[in-house]
Amino acid sequence: MSLRPRGAISRGLNTVTQAFLAAVSRLDKSLSPSDTLNRLRSHRITLWDGVYVFHFLLGAFWITLMQSPAYPLKLMIPILYAIALLIPFTSQFFLPATPIFAYLLTFYSSRFIPEAWRPAISVSLLPTLESVLYGANISDILTRFTHPILDIIAWIPYGVGHFTVPFVVGAFLWLFRTKEALHLWARAFGYMNLIGVIVQDVFPCSAPWYELIHGLTPANYSMKGSAGGLARIDALFHSHGYSTAFSNSPVVFGAFPSLHAGCATIEALFISHFFPQTTPYVWTYVGVLYWATMYLTHHYLIDVVGGACMAVAFFYFFLPDELCGAAALAPPGGLASYRMGTQRSKYDIYDLDGPSRRNGTARSMMLDAADFDTSETSSRESDDEEVDITYRSPVPGATPTTFIVPGAAAGAGPGGSAAGAAKKSHRHTASIASLIRGDERSTEDGWSHAGVGPSPLARQ
């Protein structure tokens with residue numbers, strides 16, 4: 001019984017290893033900046049390229065405001081990024097990831113926005129809207145009962161999955177889907193988070209933890225952030241990681257929209273779109289994270305709804321028609337026969353019903369190597385290779401009458417014959433004639449009524 005899980009794990013690791021080797025082989029390993037410059041010269045400028053002007057202006061704005069690291073050390077950020085774009089090996093990662101880097105730069109540099117530029121912080125708007133729209137303060141209800149087990153369940157997606165799942169999604173798209181799918185992920189995920197942080201800067205709102213600590217008293221930008229319910233995780237593990245991180249957060253009053261909810265939603269949209277069989281599992285994860293955002297007092301329900309709606313909008317805005325339907329499941333180059341851990345078996349190729357059990361035991365989802373072998377038919381036909389099968393009789397035991405095309409013998413090589421040339425024909429067509437029913441044969445198709453070969457009409 002224990003051999004089955006081990007076999008499944010072994011096959012899964014083998015599949016991932018093969019996919020990784022194929023993905024590495026597809027990488028551009030050039031280190032010459034001249035290759036990048038040549039590609040830039042041959043590139044045809046499109047309207048979409050104007051977005052890089054936006055990124056340049058946005059980066060210049062945040063680098064100017066940035067106080068740590070100070071000048072001139074902060075100039076190393078654009079210099080190193082430019083070098084990464086010039087080298088082909090690194091540019092294939094850094095250029096598509098530009099929206100993600102823009103989001104990270106915006107999030108980090110938001111702490112340096114002068115207070116004179118900042119808008120007033122809204123403390124009562126979100127709880128009021130939640131009560132009006134949903135009839136009650138849902139987030140407050142979910143925080144009234146806490147338990148260490150619930151804390152762990154909420155911590156896993158909110159405090160761990162939020163920071164790791166984006167890399168998992170990107171890795172699986174890189175390994176098992178086309179390059180366009182990976183680039184789509186970078187665009188949609190990066191721009192969604194970028195716009196989300198900008199909204200949080202322009203429309204600052206306090207989170208439920210602020211209401212629990214300070215009530216509805218006015219907030220100011222000198223206040224530190226709070227870990228909320230994650231402080232219980234720090235206490236459980238005897239650490240101060242989350243308390244330190246949230247108290248020094250660049251965006252303290254960024255409750256709306258919830259980027260935790262937005263990230264989880266867009267991750268689920270991508271995984272369920274490109275790996276449909278995982279749909280129930282990923283959306284279960286999303287549901288748990290929605291609950292965790294409110295249970296840990298970091299977001300109101302309206303924040304969760306806003307983040308989820310933003311994720312849906314960005315996913316379908318960037319999703320091209322070329323990656324819809326069956327094209328979404330297309331494997332990358334080097335994995336043409338890959339299909340979610342299996343290759344196409346001979347039963348799929350010839351539309352046959354494969355055996356559901358072997359040796360009295362249920363078949364596993366991963367088929368055996370023997371099921372991938374399509375050479376059985378060829379080996380069975382090998383005994384007939386010396387016979388011209390072009391007009392082989394459908395009657396078992398009958399001697400076929402060979403029809404030699406004029407000039408075929410002359411075209412055969414030294415020591416060869418027309419039969420030798422016919423030997424190289426497709427072996428899988430050998431038994432096609434035997435599949436034609438007798439009542440469907442006619443002399444017009446070259447079949448004699450005796451069933452021993454083609455009619456004289458065909459010989460003409």
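**Close-up views of a predicted model**

Trp185 and Phe270 are both buried, where buried means under 20% relative accessible area, exposed means over 50% and partly exposed lies in between (1.4 Å probe, protein chains only). The model is predicted, so that local features need pLDDT of at least 70 and side-chain atom pairs count only at pLDDT 80 or more, while totals for chains, interfaces and linings use all residues. Residues are numbered from 1 along each chain as its sequence is written, and side-chain values use heavy atoms, with hydrogens and water left out.

**View 1. The overall fold has 22 helices and two strands.** Helices (H or I, at least four residues) and strands (E, at least two) are DSSP runs, numbered from the N terminus. Of the 460 residues in the protein, 37% are buried. Contacts are heavy atoms within 4.5 Å, and of those between residues at least 6 apart in sequence, 77% join residues at least 24 apart.

**View 2. Trp185 and Phe270 are among the members of one aromatic cluster, together with Phe189, Phe274, Phe315 and Tyr316.** Rings of Phe, Tyr and Trp (its six-membered ring) pair if their centres lie within 6.5 Å, and planes under 30 degrees apart count as stacked, over 60 as edge-to-face and the rest as tilted. The structure holds 26 aromatic pairs. Phe315 counts as buried at 2% relative accessibility, whereas Tyr316 is exposed, with a relative accessible area of 53%.

**View 3. Arg118 lies over the face of Tyr221, at 4.6 Å from the ring centre.** A charge sits over a ring if NZ of Lys or CZ of Arg is within 6 Å of the ring centre and within 35 degrees of the ring normal.

**View 4. The buried residues of helix 6 are Thr98, Pro99, Ala102, Tyr103, Leu105, Thr106 and Ser109.** They lie on the same side of helix 6, because they cover an arc of only 165° around the axis, the arc being that of the directions from the helix axis to the C-beta atoms. Their cover includes helix 3 (51–65), helix 4 (76–86), helix 5 (88–94) and helix 10.
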